[in-house]
Amino acid sequence: MTTRTATRSDDEVFDFNLNAVEAESGLKPFVFLWASKENGNRRFTMQHMQALDVWPLMAAADGGDAAAMAGIFREALGKDQWSEFRETPLPQYKLTALFAAYRKHSGASEGESVASSDS
């Protein structure tokens with residue numbers, strides 16, 4: 001038995017145009033203060049949670065909740081800020097409060113996947 005797959009040429013009608021999808025709200029960055037070695041009130045800027053690239057987030061989620069959270073922070077802060085953020089010891093209670101504020105800013109409820117929709 002052979003399996004047949006339907007193919008379509010590029011000029012045929014499509015079922016969904018992902019290129020046309022826009023964010024439901026302005027994806028305003030999230031800014032917070034945290035002491036770095038050089039600055040006691042260093043400003044860090046995180047991309048809005050809904051603007052993050054889902055592929056590295058899904059890969060991080062394979063490692064469990066802690067890895068998923070670290071993946072979100074790593075992507076949201078970007079390479080340079082992530083490195084500096086990690087230089088300062090961070091108590092868990094502060095990380096929990098920061099993540100809760102970031103989720104609230106981004107309109108995500110507790111336990112909601114970053115890749116999920118608000119609707």
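**Entry 1: the whole chain**

I began with burial: of the 119 residues in the chain, 25% are buried, where buried means under 20% relative accessible area, exposed means over 50%, and partly exposed is in between, using a 1.4 Å probe and protein chains only. I am looking at a predicted model, where local features need pLDDT of at least 70, side-chain atom pairs count only at pLDDT 80 or more, and totals for chains, interfaces and linings use all residues. I also noted that residues are numbered from 1 along each chain as its sequence is written, and that side-chain values use heavy atoms, with hydrogens and water left out.

Next I looked up the accessible surface, which comes to about 8,900 Å² for the chain, with 52% of it belonging to carbon and sulfur atoms. These areas come from the Shrake-Rupley method with a 1.4 Å probe.

I found three helices and two strands, arranged along the sequence as β-β-α-α-α. Helices here are DSSP runs of H or I with at least four residues, strands are runs of E with at least two, and both are numbered from the N terminus.

I then checked contacts, meaning heavy atoms within 4.5 Å. Among those between residues at least 6 apart in sequence, 57% join residues at least 24 apart.

**Entry 2**

How do I describe two packed helices? I use the angle between their axes and the distance between the axes. The axes are lines fitted to C-alpha atoms over the stretch in contact, and the angles run from 0 to 180 degrees between N-to-C directions.

Helix α1 (residues 54-61) packs on helix α2 (residues 65-87) at about 155°, and their axes are 7 Å apart. That angle makes α1 roughly antiparallel to α2, a label for angles over 145 degrees.

Which residues of α1 meet α2? I listed Pro56, Leu57, Ala60 and Ala61, which meet Ala67, Ala68, Gly71, Ile72, Arg74 and Glu75 in α2. By class, this contact has seven nonpolar, one polar and two charged residues. Nonpolar covers Ala, Val, Leu, Ile, Met, Phe, Trp, Tyr, Cys and Pro; charged covers Asp, Glu, Lys and Arg; the others, Gly among them, are polar.

I picked out alanine 61 in helix α1. It is partly exposed, at 40% relative accessible area. Its C-alpha is 7.6 Å from that of glycine 71, ten residues apart in sequence.

**Entry 3: α2 against α3**

I moved on to α2 and helix α3 (residues 92-106), which pack at about 105° with their axes 12 Å apart. They are therefore roughly perpendicular, the label for 65 to 115 degrees.

Here Met69, Ile72, Phe73, Ala76 and Phe85 in α2 meet Leu95, Leu98, Phe99 and Tyr102 in α3. I sorted them into nine nonpolar, no polar and no charged residues.

Last, I checked alanine 101, found in helix α3. Alanine 101 is partly exposed, at 33%. Its C-alpha is separated by 9.6 Å from that of phenylalanine 32, 69 residues apart along the chain.

Key:
Parallel < 35°, antiparallel > 145°, perpendicular 65-115°, else oblique.
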